[in-house]
Amino acid sequence: MDRELLARDVNRACRLQGRFQLRSGQISHEYFDKYLFESDPRLLRRVCEAMVPLIPADTDLLGGLELGGVPLATVLSQLTGIPTLFVRKAAKTYGTRRLAEGADIDGRTITLVEDVITTGGAVRDATEALRRERATVSTVICAINRSPDPATVLGDVGLTVHAVLTKADLDSA
């Protein structure tokens, strides 16, 4: 994989300029609209192919976080044969009342899949919720880690973060 070419193509497809409020509440002058690369089948596949080597060998399930992690996890499942979970932001209040749709997670090792991580709030929430349901969660892989300190984001919950691209990669593209 040519990482510089991938960074250039992702950057071109999804970097927007303006004033944006992030999930964390922070205001940013730029925004990485991941849906612009996730909705392009060729670019989505290239990003996912770059994610495959980041998946730990002990992964039982790929947990795609609602909403942006779901297409990534689905393609990764197709590429690897590892089953996928669809992890909601909150458990349903009706029907099965499940947080994670798919296979039983009790005692299973889940690698979370996210599109963009800045502060890691959604990943942190999902990790804590899945651990309460007795899943083992120690790794998250993402397409873009745009955290100001990518080496330490989510360390407070004991997660290892592996990213295809960082903000620095996109900035240099």
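This is a predicted model: local features need pLDDT of at least 70, side-chain atom pairs count only at pLDDT 80 or more; totals for chains, interfaces and linings use all residues.
## What covers helix α3

Among the helices are α1 (3-14), α2 (35-38) and α4 (69-80). The strands include β6 (109-117), β7 (136-145) and β8 (160-166).

Helix α3 spans residues 41-51. Its buried residues are Leu43, Leu44, Val47, Cys48, Ala50 and Met51. Seen down the helix axis, they fall within an arc of 155°, so they line one face of α3. An α-helix has 3.6 residues a turn, so residues three or four places apart point the same way.

The face turned away from the buried side carries exposed residues: Pro41 and Arg42. What caps the N-terminal end of α3? Aspartate 40 does. One of its side-chain oxygens lies 3.0 Å from the backbone nitrogen of arginine 42.

## Threonine 127 in helix α5

Threonine 127 sits in α5, residues 121-132. Is threonine 127 buried or exposed? Its relative accessible area is 0%, so threonine 127 is buried. A polar atom of its side chain lies 2.8 Å from the backbone oxygen of valine 123. Leaving out residues up to four places away in sequence, threonine 127 touches Leu112, Val137 and Leu159.

## Isoleucine 105 in a loop

Isoleucine 105 lies in the loop between β5 (100-101) and β6. Isoleucine 105 is buried because its relative accessible area, 5%, is under the 20% cut-off. Not counting residues up to four places away in sequence, its contacts include Leu61, Leu85, Ile110 and Leu130. Glu133, Arg134 and Ala135 are also among them.

Valine 153 is 48 residues from isoleucine 105 in sequence. In space, the two are 25 Å apart, C-alpha to C-alpha.

Notes:
Residues are numbered from 1 along each chain as its sequence is written. Side-chain values use heavy atoms; hydrogens and water are left out. Buried means under 20% relative accessible area, exposed over 50%, partly exposed in between (1.4 Å probe, protein chains only). Helices (H or I, at least four residues) and strands (E, at least two) are DSSP runs, numbered from the N terminus. The arc is that of the directions from the helix axis to the C-beta atoms. Contact means heavy atoms within 4.5 Å. A polar contact is a pair of N or O atoms within 3.5 Å; within protein, one must be able to donate a hydrogen and the other to accept it, and residues adjacent in sequence count only if both atoms are side-chain atoms.
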